[in-house]
Amino acid sequence: MGSYLIEGATLPDGERADLLIEDGVIVELGNDVTETDAEVIDADGLIALPGLVDLHTHLREPGYEQSETVLTGTRAAAAGGYTAVFAMANTSPVSDTAGVVEQVLSLGEAAGYATVRPIGAVTVGLKGERLAELGAMAASRAQVRVFSDDGFCVADPLLMRRALEYMKAFGGVIAQHAQEPRLTQGAQMNEGALSGELGLAGWPAVAEESVIARDVLLAEHVGSRLHVCHVSTAGSVEVIRWAKSRGIDVTAEVTPHHLLLTEDLVRGYDARYKVNPPLRTREDVEALREALVDGTIDIVATDHAPHPVEAKDTEWDVAANGMVGLESALSVVHAALVADGRLDWADVARVMSAKPAEIGSLGGYADGLVVGAPANVTLYDPGASRSFSTADLAGKGVNSPYLGLELPGRVVHTFHAGRRTVADGAVLELAEVAGA
């Protein structure tokens, strides 16, 4: 494992400093660091962020390797500055047993581009009928602490209550995909004037908001933790704000695409913009931005959802839901909230690294960039600008909604546990990472 001296980086608090990385750890941090044997990296003009953590990633393996694998997905993560990702359970077989989550963990360890923490399914086969092996997955080598049927809502209130109760035994959390299925049958886009104009079945905001309202009350009743996936409406923000004001132990995430894009993009019937939950209105986007700023929404999570080209390059009504987002997330947050000063880089470090790690019970990120911490470091150039293209995508999926859009910033270097995974903006090959 190599030694690196990062010179002249700007820390999230605005101070400039050098960082010395040895044996996978930050061993010195300050303005007078000297080390003749380390590889020197000029970080003048670059922001040094703690490695990003994504609480909501679809790596597709096992079962859907045509869309993504743990290896290709973590390459995409590294390209976006991520050093840890939580892999959703909608694989085949579903990650609903200790054996499958341990397989996903092992695949992540073999790849080496990022720490991969499996998310366990709440119900067997994601079918919403009976609870999966929650305790066995928690006790497994994967030490699962986040459970989700993402892609499907745990719609049965009794089943949801029991799942929340199980979490108390080992400090776990249910990450709920809030979508009342009976209110969204056949839904194709956000319900409103535009859906009527385009002749597409509407996806009402209340389908999300009603489930969140039910679940925060259940979490309060049983005294357990609840996390709300991909919040997308202004009404959901108000429910979560109310729940937090009551002291309910609820956290929430917003995706980059819901912070930047609106339903107006659906006018062209380009299935790159088809996603679950759907793109909403400009008013919803503004409410989500303000909620992230004031802490009602705790984190940004990508919901990275790669698909084969044929699954998106088709008619709108049969196209798959989902967007890739790992490679673009930091730039989108920069564009949506840092550019106008509503978030600073310390805030970015909190909502894209420290807090998602805390929610997911992932150690090593709480204190950020400090001496003795694991060397998970992202060097980001905030002054760069790029027309986002397929050349910026390092995974298998090319279903990005940002293709052709001018985005600020660029990840220049990424270090995972002291190993460099990205150098000068390019993802290193596996052999180079292993030898770093």
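How are α6 and α7 oriented to each other? They are roughly parallel (angles under 35 degrees), therefore neither antiparallel nor perpendicular. The model is predicted, with local features needing pLDDT of at least 70, side-chain atom pairs counting only at pLDDT 80 or more, and totals for chains, interfaces and linings using all residues. Residues are numbered from 1 along each chain, and side-chain values use heavy atoms, without hydrogens and water.

**Helix packing**
- Helix α6 (residues 206–222) and helix α7 (residues 234–245), both DSSP runs of H or I with at least four residues, pack at about 10 degrees with axes 9 Å apart.
- The contact (heavy atoms within 4.5 Å) involves E208, E209, I212, A213, V216 and L217 of α6, and G235, S236, V239, I240, W242 and A243 of α7.
- By class, this contact has eight nonpolar, two polar and two charged residues.

**Hairpin**
- Strands β2 (residues 16–22) and β3 (residues 25–30), DSSP runs of E with at least two residues, pair (at least two bridges) in the antiparallel sense over five bridges.
- I21 is opposite I26 in β3.
- Two residues lie between the strands, and D23 has a positive phi near 50 degrees.

**Cavities**
- Three cavities of 30 Å³ or more are found in the whole structure; a cavity is a set of points on a 1 Å grid where a 1.4 Å probe fits but cannot get out, and lining residues have an atom within 4 Å of a point.
- The largest, about 50 Å³, has a lining that includes Q188, E263, Y273 and W316.

Conventions:
Axes fitted to C-alpha atoms, helices over the stretch in contact; angles between N-to-C directions. Parallel < 35°, antiparallel > 145°, perpendicular 65-115°, else oblique. Nonpolar A, V, L, I, M, F, W, Y, C, P; charged D, E, K, R; others polar. 1 Å grid on protein atoms, 1.4 Å probe; cavity = no way out; pocket = protein on both sides within 12 Å on 5 of 7 lines; lining within 4 Å. Points joined across faces, edges and corners; volume = space filled by probe spheres on them.
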